[in-house]
Amino acid sequence: MRAAVLHEIGQDKLEVLDDVEAVGFGPGKVRIRVRATGLCHSDVSAMSGVLPQPAPFIPGHEGAGEILDVGDGVTGLSAGRRVLLCWLPACGACAACKRGQTQLCLAGFMNAGTPNFRRPGGDVFGFAGTGTFTEEVVVDAGCAVPIPDDVPFDIAALIGCGVTTGLGAAINTAKVEAGSSVAVIGCGGVGISAVQGARLQGAAQIVAVDPVASRREAALRFGATEAVAPEALGDAKQRITAGEGFDYVFEVVGKSATARTAYETTRRGGTLCVVGAGAMDDNLQLNMFELFFDEKRILPSMYGGGDVLRSYERAIALWRAGRIDLESLITHRVPLANVNEALEQMRTGTSLRTCIEI
């Protein structure tokens, strides 16, 4: 079986091998033939060591395909069923799930420490307990979410992470109000989805901020009312809000420097929504007086900040109705053999989302 493997953390390229085996199939598991997967920035962050992940590992957590086989005890799923992969399935029994905060369930994270692939040289992990840069993967049944037949695999893959995360940040976490002002810092696939979420919520001004001109141009097509380079954000704040700051600012980069900029760009009493996944040793500095005096709400958003299954259904309904554009998020397509091209497109900012077709 073919798969793209990172041998050591810190390497910047993947090796596509044909001696990988998906393992762990048994009761409560499903085997999936992956058909399409998106490259998310979290995959690159795991490769570089920003996000913790044992190696060697197969990146990819934003995938879709069809079920090949189901293990004993699995109900509601069968061979041939089209599914997207949920990298953070809810167990339904932990304290977070019982509170209705299923996006905070830790059961899925436990899978990240169990190898679900093997090569002649030893075990191989799947990123975030999945690993979709491969032809087949074995996961818990809860990771396989059925999708309607009219949803293409590439669209379903995006809904599996980036779209759900960005839309949910605006709709579930920040709860953007109609007529408000919004800034989105970082306009890759997740940031563009946050732009679309803010537009759906009725924001009056949506300023997209990104250093890459092509991404700024794309943001305008997806609903941003203005798009600026980072150095022009201060001017936009002054022009649009008379210097007060935006009602909502979304940080979709995952770095303390941009989070600090986002905080300073948020008005007093406004909302800073942290969407980007950053490093454990990258600390955001705030002083106690400004926290008290500014009364800004700082809201992290994990996987869209809501029940992911409901969020998937909502995204599909909005896509069907033409309220969100998912096809245009896919700016590049490459076969698995050319996966390193996708990495270069991500690192240079030339893509919003690259679909890896398998």
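Is Thr265 buried or exposed? Select Thr265 in this predicted model: the residue has a relative accessible area of 5%, so it is buried, the cut-off being under 20%. Thr265 lies in helix H9. Its side chain reaches back to the backbone oxygen of Thr261, at 2.6 Å. Beyond its neighbours within four places in sequence, Thr265 is in contact with Leu233, Lys237, Gly245, Phe246 and Val249.

Now widen the selection to helix H9, residues 256-265. Besides Thr265, the buried residues here are Ser256, Ala259, Ala262 and Tyr263. Show what surrounds them: the buried residues of H9 pack against helices H8 (233-241) and H10 (288-294), and against strands S12 (181-185), S15 (246-251), S16 (266-274) and S17 (297-300).

Next, colour the nonpolar cores. The largest has 101 residues, and the members that touch the most others are Ile32, Phe133, Val182 and Phe250. Apart from it lies another core, of 12 residues, including Val228, Phe246, Val249 and Tyr263.

Centre on Ile32. What is Ile32 in contact with, leaving aside its neighbours within four places in sequence? The list is Gly65, Glu66, Ile67, Leu68, Val83, Leu85, Glu135, Glu136, Val137, Val139 and Ala144.

Move to helix H7, residues 213-221, and pick Arg216 within it. The Arg216 side chain reaches the backbone oxygen of Pro211 at 3.2 Å. With neighbours within four places left out, the contacts of Arg216 are Asp210, Pro211, Ala227, Val228 and Ala229.

Then select strands S3, S8, S9 and S5, which form an open sheet of four strands in that order, with mixed pairing. Strand S3 (21-22) and strand S5 (57-58) each have a single partner strand and stand at the edges, so one side of each has no neighbour in the sheet. Between strands S8 (residues 117-119) and S9 (residues 122-126), which run antiparallel, there are three bridges.

Finally, select residues 10-352. An unreviewed UniProt entry annotates this range as "domain: Enoyl reductase (ER)". Over this range the chain is 31% helix and 24% strand, and the C-alpha atoms at its ends are 23 Å apart.

Conventions
Residues numbered from 1 in each chain as written. Predicted model: local features only at pLDDT ≥ 70, side-chain atom pairs only at ≥ 80, totals over all residues. Heavy atoms only, no water. Core = buried A, V, L, I, M, F, W, Y, C linked by side-chain atoms within 4.5 Å. Buried < 20%, exposed > 50% of the residue type's maximum accessible area, 1.4 Å probe, protein only. Contact = heavy atoms within 4.5 Å. UniProt positions renumbered as here; feature names shortened; annotations may be inferred. Helix = DSSP H or I, 4+ residues; strand = E, 2+ residues; numbered from the N terminus. Polar contact = N/O pair within 3.5 Å; in protein donor to acceptor, adjacent residues only side chain to side chain. Pairing = 2+ DSSP bridges.
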